[in-house]
Amino acid sequence: MIVDSLKAAAKKMMIDFEDVTSKIEHKGERGNSREELLLTYLRGYFPNKYQISKGSIIDINGTQSKQQDFIIYDAFNSPILMNMDSTKIIPIESVYATIEIKSSLNKSTLLESINNVKSVRILPKHTLNQFMSPTAGFIFAFTSDTSLETLVDNLYEFNKDVHFMEQVSVICVLDKGLIVNIGIEGLDSIHLLPSENTVPAIIQNTVEHNLLFFYLFIMQFLNSVIASPPNLIKYLEVEGLAKYNYTIDGKYLPANSTYNFDGRQIDINEAQLLLKDVDRMKYILSGKATTKEVMDYFSDNLERMISISGLSDENIFKVNDKEYTAGYLRELIKIYGKVKEGLNVSEAELEFYSLGEEDLITQIRRGKSDIS
């Protein structure tokens, strides 16, 4: 039943297109009409979970695709970042596929379509469940003033500069046929996503069968992929809009709690000890502290800071614009402990400490210190 319906739709669509073309001279109006024709027919055969709209697609970094004629996206779970009658902006994670629509496909309009598809397929996805299906790009034209063989030659030429993961899936020229990707192993299977193991092939048929195959290829792809919901918090974080402060009463924290410090999970007790000294650290960083106060702070906290940071002796601590290795600061504080307790130190140790202490205090007292 669906085959007969699509065949009839294809015949009617071609008649309507020729009628529209003959009556409308303005290029923009003609373009809108051709899109409305295809949209009317596709919507009648797509399940409700697929929405089709014109617009642009955006990724988590704010990179936006070129304007797309048709965007097929998840109607149930996708947020619309801009929703107007004429155009929408949709996150890439929610997009299944795009369709470029042309009245007539030639070398120039083919290149334009290839670049539009590429502008979508290069966008990275960040989903809630980390499962990411690829986004396909299709091209549909009502006719062409050149042969399908010439279009394949043009496609080969243009694809030299386009990675296979950014290439077009299927091209349909309604009154001529289709260009699809065939697997080179066996040369007997159609691949809806091009790869290094596929080559373009031509299917020539009647108008009715061309639309039928085009519809079936799109539906086959849609049924084989999943559009996972975008991680909207990540979108906000990239824009700097997801910053928030919270407080937790220490008495409610379980003993096995950890604190995320620069991607590392550290014992909550160690973190709390360091955080309790935060006022003292701010005072040190203000540049107002005495030499003894600075050295006492480092003496009390350096090992904890190194442990929490997961640093080795060769790693860098930055104080203002000066970089110190963790091992250097360890040695400095070790000698400070000896001096403070009145223990014997060698002349070499004393010279090392005197120079190091003076240099460290100079950096602190510049008043713009950033210990990281």
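1. Rings of Phe, Tyr and Trp (its six-membered ring) pair if their centres lie within 6.5 Å. By that criterion, this structure holds twelve aromatic pairs. The model is predicted, and a few of its pairs are taken up below.

2. Confidence first. The protein chain has an average pLDDT of 80. A score of at least 70 is reached by 77% of the residues. Among the elements, helix α3 (residues 107-121) has the highest mean pLDDT, 96. The lowest, 62, belongs to strand β11 (residues 258-261). Take care with residues 368-372, where the pLDDT is below 50. That stretch still has 19 contacts in the model beyond near neighbours in sequence.

3. Look at Phe140 and Phe214. Their rings form a tilted pair, 5.3 Å centre to centre, with 50° between the planes. Phe140 sits in strand β6 (residues 136-143) and Phe214 in helix α5 (residues 207-224). The two are 74 residues apart, so the pair links distant parts of the chain. Phe140 is buried, at 0% relative accessible area. Phe214 is buried too, also at 0%.

4. A second pair is Phe213 with Phe217. The ring centres are 6.1 Å apart and the planes meet at 20°, so this pair is stacked; the cut-off for stacking is under 30 degrees. Both residues lie in helix α5, four residues apart, about one turn of the helix. Phe213 is partly exposed, with a relative accessible area of 27%. Phe217 has 11% and counts as buried.

5. Finally, the cluster. Phe138, Phe140, Phe142, Phe214 and Phe221 are linked into it by ring pairs.

Key:
Residues are numbered from 1 along each chain as its sequence is written. This is a predicted model: local features need pLDDT of at least 70, side-chain atom pairs count only at pLDDT 80 or more; totals for chains, interfaces and linings use all residues. Side-chain values use heavy atoms; hydrogens and water are left out. pLDDT is the predictor's confidence in each residue, from 0 to 100. Contact means heavy atoms within 4.5 Å. Rings of Phe, Tyr and Trp (its six-membered ring) pair if their centres lie within 6.5 Å; planes under 30 degrees apart count as stacked, over 60 as edge-to-face and the rest as tilted. Buried means under 20% relative accessible area, exposed over 50%, partly exposed in between (1.4 Å probe, protein chains only).
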